[in-house]
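Keep the structure in view as you read.

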Amino acid sequence: MEQILLFYLTFAVAVASPGPANFAMMHTALEQGRFNGMALALGVWTGSITWGLSTSLGLSAIMQKSPIVFDILLLAGGSYMFYMGFNSAKQVINLKGNNSSSPANDNAPVKSPIKQYIRGLLIHLTNPKAATVWLTIVLYGTTMAEENGTDLVIFILPCFAIAAMVMSGYVLFFSSRPMIALYARVRKPFTLTTAAFFIGAGLFMLYSAWEAFR
């Protein structure tokens, strides 16, 4: 029982750890509010379910036998991260000053919830971190499921609930009034940090893919 609890706790820590999806949820919740933040989080969660089910149903074996699949993921993920960083950088340029009376001003392009959902889905499906986490979860989960006489898919179902709680928690926390008030004072440097994060992550992934394909 203790091993099972540790398994789920480890997964919760992995989901909550800094990464492209969590950074995007945080920034969207601050910039465009709770509703759009939840829409993006739902897309990320859908991506997490997709990774979880696909790896547990055989994708993990394919990725282990064919590293090129992971390399292609790095290339796609790096390109998308760089694209998001470029858009954040343009937003910094468009900001009129270091401070803003409201995060949701006219300079910030507000996406529809559907577009935020798709954005969240793409972020997670092209995120090598998500793939790595689920490959690890499936590797250890297979052994633990066999020891407990449980099917792997059933064993990882609580992981989906944990992911939903962590992701919605991110959005609820960063869309709270105190966080938005703080964000209004540091909006420009924070958005610049967001741009630097995504551009840096994108360049790192693209370089890793280039090294793999050489």
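Start with two packed helices. Helix α3 (residues 67-94) and helix α4 (residues 113-125) pack at an angle of about 135 degrees, and their axes are 9 Å apart. Here axes are lines fitted to C-alpha atoms, for helices over the stretch in contact, and angles run from 0 to 180 degrees between N-to-C directions. That angle makes α3 oblique to α4. The classes work like this: angles under 35 degrees count as roughly parallel, over 145 as roughly antiparallel, 65 to 115 as roughly perpendicular, and the rest as oblique. From α3, L73, Y80, M81 and M84 make the contact. From α4, the partners are R119, L122, I123 and L125. Contact means heavy atoms within 4.5 Å.

This is a predicted model, in which local features need pLDDT of at least 70 and side-chain atom pairs count only at pLDDT 80 or more, while totals for chains, interfaces and linings use all residues. Residues are numbered from 1 along each chain as its sequence is written, and side-chain values use heavy atoms, with hydrogens and water left out.

Now compare a second pair. Helix α1 (residues 2-16) and helix α5 (residues 128-147) pack at an angle of about 175 degrees, with their axes 11 Å apart. So α1 is roughly antiparallel to α5. The α1 side of the contact consists of Q3, I4, F7, F11, A14 and V15. The α5 side consists of K129, V133, W134, I137, Y140, G141, M144 and E147. Two packed helices are described by the angle between their axes and the distance between the axes.

Step back to the whole chain. What elements does the chain have? It has eight helices and zero strands. Helices (H or I, at least four residues) and strands (E, at least two) are DSSP runs, numbered from the N terminus. The chain has 214 residues, and 45% of them count as buried. Buried means under 20% relative accessible area, exposed means over 50%, and partly exposed lies in between (1.4 Å probe, protein chains only). The accessible surface of the chain comes to about 11,000 Å², and 70% of that belongs to carbon and sulfur atoms. Accessible areas come from the Shrake-Rupley method with a 1.4 Å probe; for residues, only the protein chains shown count as cover. Look also at contacts between residues at least 6 apart in sequence: 85% of them join residues at least 24 apart.

One link across the chain is a charged pair. Side chains of opposite charge can pair when their charged atoms come close. The structure holds one salt bridge, meaning a side-chain nitrogen of Lys or Arg within 4 Å of a carboxyl oxygen of Asp or Glu. Its partners are E31 and R187, at 2.2 Å, N to O. E31 sits in helix α2 (residues 20-65) and R187 in helix α8 (residues 187-213), 156 residues apart.

H27 touches Q91, Y183, F190, T191 and T194, not counting residues up to four places away in sequence. H27 and T191 are 164 residues apart along the chain, yet their C-alpha atoms are separated by 7.9 Å.

M38 is also in α2. M38 counts as partly exposed because its relative accessibility is 28%. Leaving aside neighbours within four places in sequence, M38 is in contact with S168, V171 and L172. A39 is another residue of α2, and it is buried, with a relative accessible area of 12%. Beyond four places in sequence, A39 touches P113, Q116 and Y117.

Which residues make the nonpolar patch? I68, V69, I72, L75 and F213 do, over about 420 Å². Patches are made of residues with over 30% relative accessible area and no salt bridge: like charges are joined within 9 Å, nonpolar side chains (Val, Leu, Ile, Met, Phe, Trp, Tyr) within 5 Å. Helix α3 gives the most to this patch, with four residues. V69 is partly exposed, at 31% relative accessibility. I68 is partly exposed as well, at 46%.
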